[in-house]
Amino acid sequence: MTNPLLAEWTTPFGIAPFAEISDEDFAPALDAALAAHTAEIEAIAANPDEPSFANTIEAMEGSGEALDKVLGTFFNIAGADSNPARQDLQRAFSPKLSAHSSAIYSNAALFGRISDLWERRDTLGLTEEEARVLYLTHRDFVRAGASLDGDEAERMKAVKSRLAVLGTEFTQNLLKDESDWSMALTEADLDGLPEFVVDAARSAGAALEADGPVVTLSRSLIVPFLQFSPRRDLREKAWRAWVMRGENGGETDNRGIAAEVLKLREERARLLGYEDFAAFKLETEMAGAPDKVRALLMAVWEPAKAAAERDAVEMQEMLHADGIDGPLEPWDWRYYAEKRRKAQHDLDEAELKPYLQLDRMIEAAFACANRLFGLEFKPLDVALYHADCRAWEVTRDGQHVAVFIGDYFARASKRSGAWCSAFRTQAKRPVEKAPIVVNVCNFAKPSEGKPALLSYDDARTLFHEFGHALHQMLSDVTFGSVSGTSVARDFVELPSQLYEHWLEVPEVLSEFATHAETGEAMPEALLEKVLKAANFDMGFQTVEYVASALVDLEFHSGAAPADPMQKQAEVLESIGMPRAIVMRHATPHFAHVFAGDGYSSGYYSYMWSEVMDADAFEAFEDAGGAFDPETAAKLERFILSKGGSVEAEDLYMQFRGRMPGVEALLKGRGLAA
């Protein structure tokens, strides 16, 4: 019988035939796909004809189709719906894939052809995109160690293989710590909690087959519990479990993994002639160098810290008024911040939440994309990898654009956080490919028959990830290697963070924020309170984020620390971290940085992009409104459709005419002097 992963997919729009695929299919499919890709690469390298863009670079772009299908399917499922078999496969696949990548990048004949083209690039008559793809391909090979030989080349292979294994272990340890912990609640423990938190706790208990309601380490449950539970002892217990993920000793402890990862990254950078890993990593980003990143983060740190410390004084007074002696603790912050918000803005999340129904917020995200870019979304009845997933066909002017999949609810088999990924990326050559994009979130799943309700932060997350999805869906480039989100890491968050702004457009909320029971639109008075409170607690949010970004940067600057936890403590002490706030991601659960290479030395990139997104939304406002058609057309033409086919800074300059300063960000966060 033919392996369904290797067969031709006759499903609608080439969606993976999930119902036919079993976990037993992945390993043989991967072996076959690796062998096929190896043969394709070897044929390109051994081609007796003179190197040309078509027979070398374009041929490489067209190779590995079977491998893309297998890996696109496997890694999306393994991240969103893991099980022991898939975790075993991840551990087995990591060294195989690293070895396969190393074999390609160390193929001397292949690199010789690429180098020959690079030397003759000005005589080849390449289009702008072809020249860009050649440049990136040559750069990738050099940065992967293609110029190394002998012992150095072998050591580079070993380092990258070990890093791949460690990244998988880090992720799986974190998932295990998150899925293994829960805190049972008695009926008395539910006193003082809003109905939506009680409902989420009962639903979580049912999913775990517990005797009653539970709190889990899903952010969509633990954060509102910390916001609303009057039981300080339970808040402390839940908070400690949350911040100790990956740091509990035993097999799932990630501290040793983090230390080894940092040491190997430093070695990798030095093998390539860089002074440290931050210099290596940031060379290809918009920031360009660690000093520029540090300057941005510190420009934001001081006003954010000052705002947070002012807020802490107020909340400590509230704590003492409740008859509790001693200082404000980290497990108190969200609880008293929620009380402050209610007092200052007369805004109660329990009052707000019924107006933020998941289905209506999905509709809102789609409606904004329709008004801005003419996209239409039609539900698809297809088998997907989990019963909670939904799919839509995306069209424009009757033409197929993409398939969009939404996977919104938290479950024990899903890693934490929210992300956008692609089962297939857009390309025109060598074969026309329309994208298949997925947004994965971790919202609390309601009890049977009840609507899913979001917090305002959840709704913002939904818009954020959909901004990434638009970057994939509206991509209009020739080659897949530069399509969609294949851009500089500190540029990739621009479309996502920019799209968040449409959630705060009053006409969007007034149309789509409708009450789950009555169907009535959000009252104008409540809408006004929501928008006025948009920057509430921004000192806290900025401090916990910037602290994480600074620790990440210092981890990778200079010699790797022997003890990352000690280094983390030193960095936090040096910047004067407020005692009642902790890093958003402490080292042992800092998956952005240690689960893979993506955000290493790059966690700052959300803020770098935010400098641009605040300025980019101003372009709409300056032009007359959030849905100005000319500005939307420019955004698509110069940013969303271009992927990585043009240098990021050039794209932004084409869209806006200038690069912004940090002032727009400080103003947007309410931190301007």
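**Group meeting: a walk through the chain**

Hi everyone, let's start with contacts (heavy atoms within 4.5 Å): of those in the chain with a separation of 6 or more, 74% join residues 24 or more positions apart. A word on the source: this is a predicted model, where local features need pLDDT of at least 70, side-chain atom pairs count only at pLDDT 80 or more, and totals for chains, interfaces and linings use all residues. Residues are numbered from 1 along each chain as its sequence is written, and side-chain values use heavy atoms, leaving out hydrogens and water.

Now the overall build. The chain has 27 helices and seven strands, taken as DSSP runs (H or I, at least four residues, for helices; E, at least two, for strands) and numbered from the N terminus. Its radius of gyration is 25 Å, close to the 26 Å that the globule rule gives for 673 residues, so the chain is as compact as a globular protein of that length. That radius is taken over C-alpha atoms, and the rule is 2.2 Å times the number of residues to the power 0.38.

On to the inside. Buried residues (under 20% relative accessible area, 1.4 Å probe, protein chains only) make up 59% of the 673. The largest nonpolar core has 133 residues; such a core is a set of buried Ala, Val, Leu, Ile, Met, Phe, Trp, Tyr and Cys residues joined through side-chain atoms within 4.5 Å. Helix α13 (residues 290–321) supplies the largest share of this core, 11 residues.

M473 is among the residues with the most contacts inside that core. Leaving aside residues up to four places away in sequence, M473 touches F377, V394, V401, A402, F404, P435, V437 and F466. Apart from this core lies another, of 34 residues, among them F26, L67, L71 and F93.

Note on methods
Buried means under 20% relative accessible area, exposed over 50%, partly exposed in between (1.4 Å probe, protein chains only).
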